Amino acid sequence: MFKLQNVTILGATGTIGQQTLDVIARHPERFRAFALSAYSKVDALFEQCKQFEPVFAVMLDADAAESLRIKLQAIASPTQVLSGLSALEEISAHPEVDTVMAAIVGAAGLKPAMAAARAGKRILLANKETLVMSGNLFMQAVEQGGATLLPIDSEHNAIYQVMPARKLENLADGGVRRILLTASGGPFRKASLDELKAVTLAQALKHPNWAMGPKITIDSATMMNKGLEVIEARWLFNATAEQIEVVVHPQSVIHSMVEYIDGSVLAQLGNPDMRTPIAFSLGHPERLESGVSSLDLFKIARLDFETPDLVRFPCLRLAFDALKLGGTAPAILNAANEIAVAAFLAQKIQFLEIPQIIESVLSHSKIVEVSSLELVIQADEAARLAAADWIAQH
Ligand code: NDP
Ligand code: MG
C-alpha cells in the first residue's frame, strides 16, 4: 500500500501542469490533485476541477475566480475557489499538502515556490525563473525549511539522475569534473544573422522538438532558455559558470550529461516528453509508468553535437555575463527578458531586439547583493520599467 500524496499544481492549465495531471491520472492510488491553480483561464481550470475534484482551485485573477465559482456551484462541485497571490502561497504551504509542482511561468512563480520551500514541501520545480532570480535565497529556504527539491526542467532532471546520489558540498566532492548541458538549438540553429533579423513570431513559436508554453518557446528560439538553465544549474548543483558547458544537440535525445574526473561521461536519454521528468520526480526514488513511448534508437540513427554560437545567440552570452556579475544581475536579466519576450509575442519588437533590450537594461542597472527577497523584487520591478522604457523609445 502507498500513502496517498496530496499534490498542489501551481500553473495547472499550462503545458507542464497538464502533463503533471496526465501522469497523476495514471496513478490514482498514489496521487491526489489537492489544489490546482491558473491565472485567468476559467474554462480550462473548470474542466480540470470537474475531472480531478481538488479541494482548492485558485485563480490569480479575482474576476476569473468568481466566474469559476459560479460554474462550479452550478454542478455542485466540492471544490472551494480562492483568488490572489496569498491563496497561491496558502495552497503551497497547506499542512495537508505533500508535493508542490511549481509550474507557473515567469517571476510570478517565485513567491508561491518560496512558500513551499519554507513549509518544507517536496518541490517539483519547473519554474526556473525562481532560481534565476533568487537562487541563493531559494536554496537557503529549501535547506532551512527541510524541503526536498527535484528539478523538472528536462536537462536538470537528467543531471540529477546521473549525479552521485549523496548530497554534495561541491561538484569536486563527488568526483564530478563538469556538467554538459544540452540544448536543441531551437528553430533558428542554422539561421544567419540576417535571417534572424527578419524572423516572424510564427517561425519563432515553432520549436523543432518540444511542445511548450509561448514564453519558454521564444526563450528557446533566442537561446535565453539555455542561459536561464545555466544559472539554474549553478544553484541546483552548486556549480561554477566554468563547470557548465552548453552543448548544442539538435535531436534532444540526450537530456544532459555529467563528466567525472576519471573520464566517465554519464548521460540520461529519452524521448523529448516532459512526462518523464515529471513521473521521475513524482515517484522518486521509485520509477513510475509515465505514458512516454520507448526511445527508438534505430529511427533516431545518429546524435549530433555542436558548439553554441554566442554571436548569433547573444542571449546565451548575456546570461553567462549575468551569472558572473552575480547579485541581482540574473534577476535583472530575467525581468528584462520577460518584458522583451512579451513585447515580441505582442509583435511590438523584432526578434533581435530581445537581446538588445536585455543588454541595455543590464548595463544601466545597479547590481547589488541578493540579501533579501525585497531587494530581488525591487531589482525585478526596476528592470521591467527600464525595459518598457526602451521599448517605448524605439
Ligand atoms: P504555460 O504558459 O504553458 O503555463 C503557465 C501556467 O502558469 C498557466 O497555468 C498559467 O495560467 C499560469 N500563470 C501564468 N501567469 C501567471 C501569473 N502571473 N500568476 C499565476 N499563474 C500564472 O507555461 P509552461 O507550462 O510551458 O511553463 C511553466 C514553467 O515551466 C516555466 O517556468 C517554464 O520555463 C518551465 N518549463 C517548461 C517546460 C515545458 O516543456 N513547457 C520545460 C522546462 C521548464 P493560465 O493558463 O490561466 O494563463
Ligand atoms: Mg529545459
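This is a predicted model: local features need pLDDT of at least 70, side-chain atom pairs count only at pLDDT 80 or more; totals for chains, interfaces and linings use all residues.
Residues are numbered from 1 along each chain as its sequence is written, chains are lettered from A and ligands numbered from 1 in the order in which they are written, and side-chain values use heavy atoms, with hydrogens and water left out.

The protein is divided into domain 1 (5-151), domain 2 (154-272 + 298-311) and domain 3 (326-394), where the bounds come from an automatic or database domain assignment. The C-alpha centres of domain 2 and domain 3 lie 23 Å apart, and the contact takes 18 residues from domain 2 and 14 residues from domain 3, contact meaning heavy atoms within 4.5 Å. Between them, domain 2 and domain 3 bury about 1,300 Å², of which 81% is on carbon and sulfur atoms; buried area is the accessible area (1.4 Å probe) that two parts lose on being put together, summed over both. Of the area that domain 2 buries against domain 3, Leu201, Lys215 and Met224 supply 37%, more than any other three residues.

Next comes strand E5 (residues 99-102). Helices (H or I, at least four residues) and strands (E, at least two) are DSSP runs, numbered from the N terminus. In a regular strand the side chains alternate between the two faces of the sheet. In E5, Thr99 and Met101 point one way and Val100 and Ala102 the other way, yet all are buried, a word that stands for under 20% relative accessible area, with exposed meaning over 50% and partly exposed in between (1.4 Å probe, protein chains only). Strand E1 (residues 5-10) runs parallel to E5 and is joined to E5 by four bridges, with Ile9 standing opposite Met101. E5 also pairs in the parallel sense with strand E6 (residues 122-125), again over four bridges, and here Val100 stands opposite Ile123. Two strands count as paired if DSSP finds at least two bridges between them. Together with helix H5 (residues 110-118), E5 and E6 make a right-handed β-α-β unit; right-handed means that, with the strands pointing away from the viewer, the path from the first strand over the helix to the second runs clockwise.

Which residues of helix H2 (residues 42-52) are buried? They are Val42, Leu45, Phe46, Gln48, Cys49 and Phe52, and, seen down the axis of H2, they fall within an arc of 165 degrees, so they line one face of the helix. The arc is that of the directions from the helix axis to the C-beta atoms. What covers these buried residues of H2 includes helix H1 (15-25), strand E2 (31-38), strand E3 (56-59) and helix H3 (62-74). Glu66 is found in helix H3, and it counts as partly exposed because its relative accessibility is 37%. Although Glu66 and Val42 are 24 residues apart in sequence, they are 9.4 Å apart in space, C-alpha to C-alpha.

In helix H4 (residues 85-93), Ala87, Leu88, Ile91 and Ser92 are buried, and, seen down the axis of H4, they fall within an arc of 140 degrees, so they too line one face of their helix. The buried residues of H4 pack against E1, E2, E3, strand E4 (80-83), E5 and H5.

E8 pairs with strand E10 (residues 254-260) in the antiparallel sense over four bridges, and the bridge partner of Arg178 in E10 is Glu259. With strand E9 (residues 244-248), E8 pairs in the parallel sense over five bridges, and there the bridge partner of Ala183 is Val248.

Some details of the backbone remain. Most residues other than glycine have a negative phi, and most peptide bonds are trans. Glu53, which follows H2, has a positive phi, near 40 degrees. Asn238, in the loop between helix H11 (224-236) and E9, has a phi near 50 degrees and counts as partly exposed at 36% relative accessibility. Gln347, in the loop between helix H15 (329-345) and helix H16 (353-364), has a positive phi of about 60 degrees and counts as exposed at 62% relative accessibility. A cis peptide bond joins His284 and Pro285, with omega about 10 degrees, and Pro285 lies in the loop between helix H12 (275-283) and helix H13 (297-300).
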